[in-house]
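Here is a short tour to read alongside the sequence and the model.

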Amino acid sequence: YPNPFNPTTNISYSLSLEVYVSIDIYNLQGRIVANLTDGLMDAGYHSIMWNADQFSSGMYFVKMVAGDYVDTRKIMLLK
């Protein structure tokens, strides 16, 4: 949240157990433009901020991989 955002957004998530987590931001061409986290994380609630100040306006995708769980969400950067 917020979505759309300018220039920062918070990505919140919850883990039920300790697991390896990777959160990447992709552009419309499918290229990774930012890696927000990549490592072992404890169970509980987490929040990570993405500052997209250096990126152009448009749609991006947030992909989270946590163990066997994979989720992708659309976010919109408006400047």
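## The core and its surroundings

The largest nonpolar core has 21 residues, and those with the most contacts inside it are Tyr13, Leu15, Val21, Ile23, Ile25, Leu36 and Trp50. Such a core is a set of buried (under 20% relative accessible area, 1.4 Å probe, protein chains only) Ala, Val, Leu, Ile, Met, Phe, Trp, Tyr and Cys residues joined through side-chain atoms within 4.5 Å. At least two residues of this core come from each of E1, E2 (19-26), E3 (32-41), E4 (44-51), E5 (58-66) and E6 (69-77); strands are DSSP runs of at least two residues, numbered from the N terminus.

The model is predicted: local features need pLDDT of at least 70, side-chain atom pairs count only at pLDDT 80 or more, and totals for chains, interfaces and linings use all residues. Residues are numbered from 1 along each chain as its sequence is written, and side-chain values use heavy atoms, leaving out hydrogens and water.

Contacts (heavy atoms within 4.5 Å) beyond four places in sequence link isoleucine 25 to residues including Ile11, Leu36, Trp50 and Phe61. Proline 2, in the segment before strand E1 (8-15), touches Thr8 and Thr9 when residues up to four places away are not counted.

| Residue | Relative accessible area | Class |
|---|---|---|
| Proline 2 | 43% | partly exposed |
| Arginine 73 | 53% | exposed |

The structure holds one salt bridge (a side-chain nitrogen of Lys or Arg within 4 Å of a carboxyl oxygen of Asp or Glu). Arginine 73 pairs with aspartate 71 in a salt bridge, their closest N and O atoms being 2.8 Å apart.

Key:
Buried < 20%, exposed > 50% of the residue type's maximum accessible area, 1.4 Å probe, protein only. Helix = DSSP H or I, 4+ residues; strand = E, 2+ residues; numbered from the N terminus.
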